[in-house]
Amino acid sequence: MDGVELCRRLRERGITKPIMFFSAMGVQAKDRDYVLAAGADEFLVKSIDIDRFTETVERLLLTAMENRDRIHPETFVPQVDWRRPHYR
């Protein structure tokens, strides 16, 4: 089973948690459409712009919080500043 099939199965079971795919450069538009049709919320191509990544994660988390009645109670949304490196 690949990631797209897993995504499809999760959506079929009613799982609404955000799903984001990352892929290598050179991906065709049809590949993006295929992943989104399977139920993914976002599809980003590497190398990823940190600002776009941050905006995407924030948008998905906000959407998840708005729909939290449909999300399992064990869902944890961390408060993380993605722009600040967490390593030294």
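A residue is called buried when its relative accessible area is under 20%, exposed when that area is over 50%, and partly exposed in between, using a 1.4 Å probe and protein chains only. Welcome to this structure, which is a predicted model: local features need pLDDT of at least 70, side-chain atom pairs count only at pLDDT 80 or more, and totals for chains, interfaces and linings use all residues. Residues are numbered from 1 along each chain as its sequence is written, and side-chain values use heavy atoms, with hydrogens and water left out.

**Overall layout**

- The chain holds three helices and two strands; helices (H or I, at least four residues) and strands (E, at least two) are DSSP runs, numbered from the N terminus.
- Read from the N terminus on, these elements follow the order α-β-α-β-α.
- Of the 88 residues in the chain, 19% are buried.
- Among the contacts in the chain with a separation of 6 or more, 43% come from residues 24 or more positions apart; a contact means heavy atoms within 4.5 Å.
- The chain has an accessible surface of about 6800 Å², and carbon and sulfur atoms supply 53% of that surface; accessible areas come from the Shrake-Rupley method with a 1.4 Å probe, and for residues, only the protein chains shown count as cover.

- Glutamate 5 and arginine 8 are separated by about one helical turn, because they sit three residues apart in helix H1 (residues 3–12).
- Glutamate 5 is partly exposed at 27% relative accessible area, and arginine 8 is partly exposed as well, at 26%.
- Glutamate 5 also meets arginine 9 in a salt bridge, at 3.0 Å from N to O.
- Arginine 9 and glutamate 5 are four residues apart in helix H1, so about one helical turn separates them.
- Arginine 9 has a relative accessible area of 39%, which makes this residue partly exposed.

- Arginine 11 forms a salt bridge with aspartate 41, and their closest N and O atoms are 2.7 Å apart.
- This pair links distant parts of the chain, 30 residues apart: arginine 11 belongs to helix H1, while aspartate 41 belongs to the loop between helix H2 (29–37) and strand S2 (42–45).
- Aspartate 41 is partly exposed, at 32% relative accessible area.
- A network of salt bridges links Arg32, Glu42, Arg52 and Arg59.

**The aromatic pair**

- Rings of Phe, Tyr and Trp (its six-membered ring) pair if their centres lie within 6.5 Å; planes under 30 degrees apart count as stacked, over 60 as edge-to-face and the rest as tilted.
- One aromatic pair turns up in a search of the whole structure.
- Phenylalanine 22 and phenylalanine 53 make up this tilted pair, at 6.0 Å centre to centre with 40° between the planes.
- Phenylalanine 22 is in strand S1 and phenylalanine 53 is in helix H3 (residues 50–66), so the pair ties together parts that are 31 residues apart in sequence.
- Phenylalanine 22 is partly exposed at 38% relative accessibility, whereas phenylalanine 53 is buried at 17%.

**A loop residue**

- Threonine 16 lies in the loop between H1 and strand S1 (20–23) and is partly exposed, with a relative accessible area of 28%.
- The C-alpha atoms of threonine 16 and alanine 40 are 9.9 Å apart, and 24 residues separate the two along the chain.

How values were computed. A salt bridge is a side-chain nitrogen of Lys or Arg within 4 Å of a carboxyl oxygen of Asp or Glu.
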